[in-house]
Structures are given as C-alpha cells and as structure tokens.
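User: I would like to go through the terms used for this model. Please set each value against its definition.

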Amino acid sequence: MKVKLAILVAVFIGGLILWQGVRAQMVVELLAERAKVSWTKVPKKVLAFYYAWYGNPQVSGRWFHWSNVDEAKKQIGSSTYYPVLGPYDSHDPKVVEQHCRWAKEAGLDGFIVSWWHPNDFHDRAMPLILDTAQKFRLEVSAYFETVPTRTKEQALEYAMHLLNRYGKHPAWLKLNGRPVIFVYGRAIGEIGLDGWLWVIVEANRRYEGGAIFVGDQISKRAARIFDGIHTYNITGQTAGLSVNEIRKWAQKTFPIWVAIAGDNRIACLTIIPGYDDSKLPDRKPPRPITERHNGETYRALWEAAIEANPDWVLITSWNEWHEGSEIEPSVENGDRELKTTAKYALRFKQLPPREVEKRTEKIPEAE
C-alpha cells in the first residue's frame, strides 16, 4: 500500500513539474509576442478618470451612490464636497453635456470611464457619454474595474464586450487606430499579470486591428505585458505632506516612473488635486488624506509632471466625489481646478512627443 501511495505521489509531483514547465514556456512565448509591440512618439493627451455611477430619483428612480442628501444645506453624506450641479444623475443628458463642455474648455482630451460589468448601470451610461463626447471632440476609454470570477476567461469576455460594442465608436480613445482600455489594479490582482498577459495577447488575436491595454501597476514586468503603465492614485505617497514636500516627492518619483515605462511603452503620470475619503463609513481612520492647500497641491503636481514629460497625464479624478479627488466644480472650491487644468494642459500638450534617452544605469522599480 505504501509503495502504491509513493508511486502516486511521485506521478503527481512529476505531472505538476511538467505542467509548471509547460506553463512557464507558454509565458515565455506570450512575452516574446508582447516584445514585438512598440509605442514611440505617442501624442500628448490629458485624460481624467470619470464616474458614471451616480443616480437620483428624478432620472433613475432612486439614489445611486449619493446618500444622506440635503439639497437645502448643500450636503451629501457620501461626498466630501458638494457638486455645483447638485446630486446629479449620470444618465442625464444635460449633466453629461455640461461635463463635456467643462472638460473641453479645460483642455482635457477625454475621460477614462469606470466600468464594471456588461449591461450594468455603468455600462448603460456609456453610449450617452460616447455620443456626447463625440459632439465636443473628446475621447472616451473604459477603466476595467474587476474580474468577479477571478478567471482570465471572464476578463477576456469583458474586454471583448468593450471592444466589440464600443471600440469602433468615433469617440473611443484610440492610438494608431487601436482602441484603448485602462485596467485597474484590483482587476490585475484578481487574475495576476500572467493572466492579463494571456488576455491581452488573445484579445489582440480576436479583435481585428488589435487593441491597447494600459495597466495600473508601475513595474518593469507590467511594462513588458501592457502597452502602457499608470497608477490610479498617489495619495499613499502624498498624504499629510506640505506643498513643498509634495513637489519634492513628485520631482524625484515622476521621472523614475516614466523611465520604468521604457522606450516602447506608453508612459502615464497621475496627478490629484487632493484626496479625502473620511466621510465614507467603510473607511476606517487614519485615512491617507492629501490636502488641497488652496489649489497648490494640484499646481505642484502639474509642474512636476510637465518636467518629467510623460506621454499622457491622467487626472484623478473628474468626479470621484466620495474620495474628494474631483476637479469638477464644487460649491467649496468653485472651478479653481478647471482653470488650473486649462493652464497646464496647454503647456503640456505643447511639448514634443517623448524622446527616450538610452540609459546605461539601472532603472529602479517604483517606490
């Protein structure tokens, strides 16, 4: 009996080793395919993360994401600040049109729209956003938020839904004719980098003309897999800092992040006006609050980003009201951040496309 058991264990271990070898070889082959991808002299763009998850009783029949709303006192329990437009509905054409008008006036090129599942509340808002963006000559991409089953097959299914349904829309963000999708860090973690390696290669095989994926991870391995890399939020590094400390951090860190993207990937830098999610009941103190410093935080980050010269500047966020990172006009801050965006976006887009220097020193990983 013991001999049979030993044989079974040996066979199992041998099979496991064989499978791991086959899997490793598959990864090598897929990485070799991704190594053929090269993005250089990418046109400058300024894009803002956008949330289409808000609803009110007048348009959608009930509240979505807004809670404890007191319109008379201009207070929302789930929002750090109060929107100039009030507790609006993301499916309201007038609201989306105003957002696009403001964005265009501020020099934005478009929105990266939070997206969760096919045919859910967010997905149903996408056609209105795309059609309205087209009128204002803005571009739209999706922020792929989650893979509920944690399988690469579902990630591919979701990616193909986005590409097949929206990829050919005139307003969809494209580079060299290929539609762009941004992938949030949670979705990356749910199936791992190797899972996304398979998804990206397979999506490019299935979608005519190919697609572009920009991943939320600043690492050299992520840069080998995705077409570009970014991070969603930097408040973990800027929380509690003075304006000068924020400036010094950004001046040191942003060039490293651009270098990690390398000479053939899309280098993105993310800036924030501030961050404060302390009003959310599920967020326990202490929170990573980044003070706005009367608008100086945003200006300092813009200046450091321009100095580092990425391909794209990403703004967190247009309207993530729960986390107090919005640049959309509020009762408390007015349109200060939109005016700042207009000034610096123009400066940034006047820069020539990034010319990557050939470096001999070792590029460090992100801190």
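User: What classes make up the lining of the largest pocket?

Analyst: The lining has 8 nonpolar, 4 polar and 6 charged residues. Nonpolar here means Ala, Val, Leu, Ile, Met, Phe, Trp, Tyr, Cys and Pro; charged means Asp, Glu, Lys and Arg; the others, Gly among them, are polar. This is a predicted model: local features need pLDDT of at least 70, side-chain atom pairs count only at pLDDT 80 or more, and totals for chains, interfaces and linings use all residues. Residues are numbered from 1 along each chain as its sequence is written, and side-chain values use heavy atoms, without hydrogens and water.

User: Why is Cys100 called buried?

Analyst: Buried means under 20% relative accessible area (1.4 Å probe, protein chains only). Cys100 has 1% relative accessibility, so Cys100 counts as buried.

User: What about Cys268: buried or exposed?

Analyst: Cys268 is at 3%, so Cys268 counts as buried.

User: How many disulfides are there?

Analyst: The count is 0 disulfides. A disulfide needs a pair of cysteine sulfur atoms within 2.5 Å.

User: Which residues touch the most other members of the largest nonpolar core?

Analyst: They are Phe144, Trp196, Phe213, Phe226, Phe254, Trp302 and Trp318, in a core of 89 residues. A nonpolar core joins buried Ala, Val, Leu, Ile, Met, Phe, Trp, Tyr and Cys residues through side-chain atoms within 4.5 Å. A second, separate core has 28 residues, including Trp39, Phe49, Trp53 and Trp312.

User: What is Phe213 in contact with, beyond four places in sequence?

Analyst: Contact means heavy atoms within 4.5 Å. Among the partners of Phe213 are Ala159, Ile181, Trp196, Phe226 and Asp227.

Notes. Buried < 20%, exposed > 50% of the residue type's maximum accessible area, 1.4 Å probe, protein only.
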